[in-house]
Every structure is written in C-alpha cells, then in structure tokens.
Amino acid sequence: MAVCQWYGSCTLEIFVIAPAISMRAGACALDARKRGLHRMASCQVDVMKAVLIVLETAFATLAALLLAGVIGVAGFVYAGVYDVAATKHHNGLTHYLLHYAMQRSVKARSDTVHVPTLDGRARLDSGIALYRQHCSQCHGAPGVAPEPFALGLRPAPVNLLEPGRDWPARDIYWVIRHGIKMTAMPGAIPAER
Ligand code: HEC
C-alpha cells in the first residue's frame with residue numbers, strides 16, 4: 001500500500017487526490033495537537049483510503065444526480081408540463097427525436113424482410129389500387145389532397161415522395177405491415193396479416 005508523507009515527494013497522487021488528502025491531513029493534525037504532538041510530518045496519509053474517499057464522493061454525487069433526475073422526470077410527468085394538445089405541433093426537438101427514434105427502430109427490425117421483385121405492370125397496378133384504398137386519405141397522392149381529418153393529426157402524415165425515394169423497400173414494408181405506435185399510422189388490419 002502506497003503511503004505519502006505530508007509535504008513528501010508523491011506529487012502526482014497528491015495532485016489527483018488533493019481534496020481528500022488535505023481533509024485527512026487536517027484531521028490528523030488536529031488529532032496530533034490533541035495528543036500533544038507538534039510535528040506535522042508525523043501525520044502519514046494513507047493513499048488508498050484517500051482514493052476511497054474520492055470514489056465514495058464521486059459515487060454519492062452520481063447517485064444524488066440520478067435521484068434528482070428521476071424526481072425531475074416524475075415531477076415533469078405528474079405536473080402535466082408536456083402539452084398533448086393535437087392543435088399544436090410537437091416542438092422541433094421532440095419531433096426530431098421521435099422521428100429519429102422511429103427510423104432507428106424500423107432499421108433495427110427490418111433486416112429479416114425478404115423484398116420480392118417490385119417491378120412489373122400487374123404489381124404496380126395492384127399497388128396503386130391498394131394505395132388509393134388504404135393510404136391516400138392520410139398521405140395524399142399526386143393530384144390528390146389528404147382528407148381534412150388527416151391535416152389535424154400530430155404528427156401529421158408526411159408526403160411519401162421522400163421516403164419512397166430514400167428509404168429501402170424493406171423499411172417501408174415494415175412500417176406498412178406493423179404501423180407506428182403513438183402516431184395515426186396503422187399496422188395492416190388483421191384480415192390482411
Ligand atoms: C390514418 C392515417 C394514415 C394512414 C391511413 C396511413 N398512414 Fe402512413 N403515416 C401516418 C402517420 C401519422 C405517420 C407518421 C409520420 C411521422 O412519424 O412523422 C405515417 C408514417 C408513414 C411512413 C413513414 C414515413 C415517415 O417519414 O414518417 C410510411 C412509409 C407510411 N406512413 C406509408 C403508408 C402507407 C403505404 C399507407 C397505406 C398502406 C399508410 N401509410 C397509411 C398516417 C397514416
């Protein structure tokens with residue numbers, strides 16, 4: 001076990017654990033005075049114990065911060081701070097986080113989707129018919145506006161031009177098959193599963 005003498009040569013340790021060492025040295029000096037000893041050099045500081053003090057302080061600080069965080073979140077929820085009114089959009093940060101989390105969640109689950117060949121006239125025609133029947137009310141289509149109710153949804157259904165161009169087919173399939181929780185995006189209805 002390394003032992004540093006006060007005013008001794010172990011400068012690095014003293015630098016790192018200075019606060020704890022000075023507390024211990026102070027206590028030691030007081031003790032020495034009580035016992036009638038006058039030489040400070042007789043106070044030897046146990047470095048391992050000082051490191052333990054530093055670690056204990058760090059853990060206690062972390063635990064206190066964690067507890068404050070939990071209490072803060074509970075208070076935020078219980079006091080109803082977040083406005084759930086659908087007459088207002090999510091604020092920019094909330095919208096970004098929810099949208100990003102949704103995309104990561106879909107990516108983490110779409111690996112197993114087997115994508116068939118998607119071209120071919122018959123497949124396109126049946127896709128267009130299904131889109132008209134199940135999707136255009138919310139997402140609109142070229143020359144077709146979404147239904148008025150869809151304009152009041154939060155998050156609002158996006159125009160699918162960009163995801164259609166940028167998302168891999170397996171991710172789009174996953175979203176259509178499973179839907180997205182806490183949005184109006186439905187999963188495939190049971191009869192079609
Ligand atoms: C009742 C309204 C509604 C219907 C019907 C609907 N959607 Fe959605 N859709 C949404 C909403 C709301 C979102 C979530 C938007 C967000 O999170 O930004 C969404 C998200 C999506 C997304 C993810 C794109 C993105 O960036 O959010 C795709 C792809 C999608 N829908 C395709 C479809 C298809 C294809 C159909 C038809 C089979 C369909 N949707 C039917 C409301 C709907």
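In this predicted model, methionine 182 is exposed, because 8 other C-beta atoms lie within 10 Å of its own and a residue with 12 or fewer counts as exposed. Methionine 182 belongs to the segment that follows helix 9. Its phi is near 60 degrees, a positive value in a residue that is not glycine.

Arginine 154 and proline 155 are joined by a cis peptide bond, with omega at about 0 degrees. Proline 155 sits in the loop that connects helix 7 (148–151) with helix 8 (161–166).

The chain as a whole contains nine helices and two strands. Read from the N terminus, the order of these elements is β-α-α-β-α-α-α-α-α-α-α. The chain has 193 residues, of which 6% are buried. Of the contacts with a separation of 6 or more, 54% are between residues 24 or more positions apart.

The ligand is surrounded by 22 residues, and the closest are Cys135, Cys138, Pro157, Thr183 and Met185. Helix 4, helix 6 and helix 9 are the elements that each give two or more residues to this shell. The table lists where they run.

| Element | Residues |
|---|---|
| Helix 4 | 92–109 |
| Helix 6 | 136–139 |
| Helix 9 | 169–178 |

What is the division of the shell residues into nonpolar, polar and charged? The shell around the ligand holds 17 nonpolar and five polar residues, and no charged ones.

Methods: Residues numbered from 1 in each chain as written. Predicted model: local features only at pLDDT ≥ 70, side-chain atom pairs only at ≥ 80, totals over all residues. Near = placed C-beta within 6 Å. Helix = DSSP H or I, 4+ residues; strand = E, 2+ residues; numbered from the N terminus. Nonpolar A, V, L, I, M, F, W, Y, C, P; charged D, E, K, R; others polar. Buried ≥ 20, exposed ≤ 12 C-beta atoms within 10 Å, placed from the backbone. Contact = placed C-beta atoms within 7 Å.
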